[in-house]
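Let's take a friendly walk through this structure together. Have the sequence and the 3D view open as you read.

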Amino acid sequence: MHDMSNILTSPSKAAKKKKPSSVIEVEDIGFSYDLGKTETLKGISMEVPKNQVTALIGPSGCGKSTLLRCLNRMNDLIDTAKITRGTIRILGQDIHAADVDAIELRKQVGMVFQKYNPFPKSIYDNVAYGLRIQGIKKKSVLDEAVERSLKNAALWDEVKDRLKDSALGLSGGQQQRLCIARTIAVRPKVILMDEPCSALDPIATAKVEELMLELRKDFTIVIVTHSMQQASRISDRTAFFYLGELIEYGSTTHIFTNPTAKQTEDYISGRFG
Amino acid sequence: MQSGDHILSNFNTALQELRETTLIMAAGAQRNLQNTINGLLQRDKQLCNQAIADDEDEDQLEIQIDSLGLQIIVRFQPVATDLRMVIGAMKTATNLERISDQAVSIAKRSRKMLKNDEVPEVSRIEGLYQVAAGMLADAITAYSDSDIDLALTVVENEKTLKKTHKTTSRFFSEKLETQTGHYRDYLDLVLICRWLDRVGNLATNIAEDVIFETTSADIRHGGELPPELLEGNNKPDTSD
């Protein structure tokens, strides 16, 4: 088996020839949940630039979350799921290449879910979890990583005196930021977020959004959101999906002030299509 | 580009109310300008007084439109065409209020002039008034119908306005120098020329905002219209 520890920082020889212009390159991706009988994603092509927040928007069932889960091969966990065509490259590496291990990929492409899901462990152990899985045991290294991650997740000041307390005792917003800290502790290249604020109140939402804008300096973020205001507040680029197709993709300012496609305009302005 | 109604019916209602209030204000500004010029030309002090009094309505409508726009932004967070429409209405209201102010300035000068004997050449102002009032009428129609072609016509007509203003203003300036018995009246007419020119400028602002509202292209201060809009059919779609 190919050494996967640096899979996304050491692209294959073929990929090295072509320096990727974007962190994520999706090319003509088709995806099916029923072994190819029907396509949920129909030939999606898009590029996600480095150190930007890219928002995926669209009505329920349009395929935005499916595409998000394709980016770290989360859909591999579904027996009948199948990529029907196309390629996805992250930092130039085809993520479906035979020598790519999905678990190693997910270390580089972290994910934050709609419902915050801290482990029933202490705050410290939640953040250190990924590093311990990687075999890091030295306390000083773990301490440093936990502190750095919690600071990056704007949670350190709120929990530094109770790191041994259960994570389940934190508020919803704090639990979500803890999950973000857990994700960034293993230093991924990309963070995928699937409606990360849908269960949070406005204050907690604002803190997570502020955090995303900070994290953008170090990570590339792709977020699925149903909130048009959230997409317009925090994203640099926005992609609108409808019925499994990418209808429009461009700068967020363009999408929200003068969208090119009528379907985009109808959706973002809440009109009947 | 947008089609159909919003899913939220009260969003539709709020946008409709904003547009209708702006059109009511536009009709008021037009009427005030018309009254004030008719007051001058027909030597009817009552019409001048009417224009001055009705300006208060325009002031209140401007406040009302700003308030409606603000409420829509807060309650519905409009985007794209809706957002441009709200901003367009609020900016149009500002321009209309200023047009009404110009009408008041003209009305006040006209009232002064009515105390004196009629200046025979006063009717020369009508040509400039026709250009400025025509631009205003077209700008309002363009706003009402989202008609880019008509809005562009208004922008183009600014050249005619400048030319007519220059000619008319020069005529009265020369009279001011030679007909010393009526120098105050000629001075007032020069000022009225300037205010009518300003009305045309403000009508141009409205037309430019119509183009922004309809296409998102900002043509102010030398900005250009996208080529596809210059070549394409810009007439509003009136089909069912």
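## The nonpolar core

Setting aside neighbours within four places in sequence, B:Ala139 is in contact with B:Ala151, B:Val154, B:Ala203, B:Ile206 and B:Ala207 (contact: C-beta atoms, placed from the backbone, within 7 Å). B:Ala139 is also among the residues with the most contacts inside the largest nonpolar core, which has 141 residues; B:Ala132, B:Ala151, B:Ala203 and B:Ala207 are named with it. Such a core is a set of buried Ala, Val, Leu, Ile, Met, Phe, Trp, Tyr and Cys residues joined through C-beta atoms within 7 Å. Buried means that 20 or more other C-beta atoms lie within 10 Å of a residue's own, exposed means 12 or fewer, and partly exposed is in between.

A word on the conventions: this is a predicted model, in which local features need pLDDT of at least 70 and side-chain atom pairs count only at pLDDT 80 or more, while totals for chains, interfaces and linings use all residues. Residues are numbered from 1 along each chain as its sequence is written, and chains are lettered from A and ligands numbered from 1 in the order in which they are written.

## The sheet of chain A

In chain A, six strands make an open, mixed sheet in the order E6-E7-E8-E3-E9-E10. Strands E6 (109–112) and E10 (245–251) each have a single partner strand, so one side of each lacks a neighbour in the sheet. Strands are DSSP runs of E with at least two residues, helices are runs of H or I with at least four, and both are numbered from the N terminus; strands pair if DSSP finds at least two bridges between them.

E3 (residues 53–57) and E9 (residues 237–242) of chain A are parallel, with four bridges, and A:Thr54 has A:Arg237 in E9(A) as its bridge partner. E9(A) and E10(A) run antiparallel with six bridges; A:Phe241 stands opposite A:Leu246 in E10(A). Two residues lie between the strands of this hairpin, where A:Leu243 takes a positive phi near 50 degrees.

## Where the chains meet

How many residues of chain B are in contact with chain A? There are 17, and they touch 14 residues of chain A. Helix H3 (residues 80–114) of chain B gives the largest share of chain B's side, four residues.

## A partly exposed aspartate

B:Asp59 is found in helix H2 (residues 45–76) of chain B. B:Asp59 counts as partly exposed because it has 13 C-beta neighbours inside 10 Å. Between B:Asp59 and B:Glu97, 38 residues apart in sequence, the C-alpha to C-alpha distance is 6.3 Å.

How values were computed
Contact = placed C-beta atoms within 7 Å.
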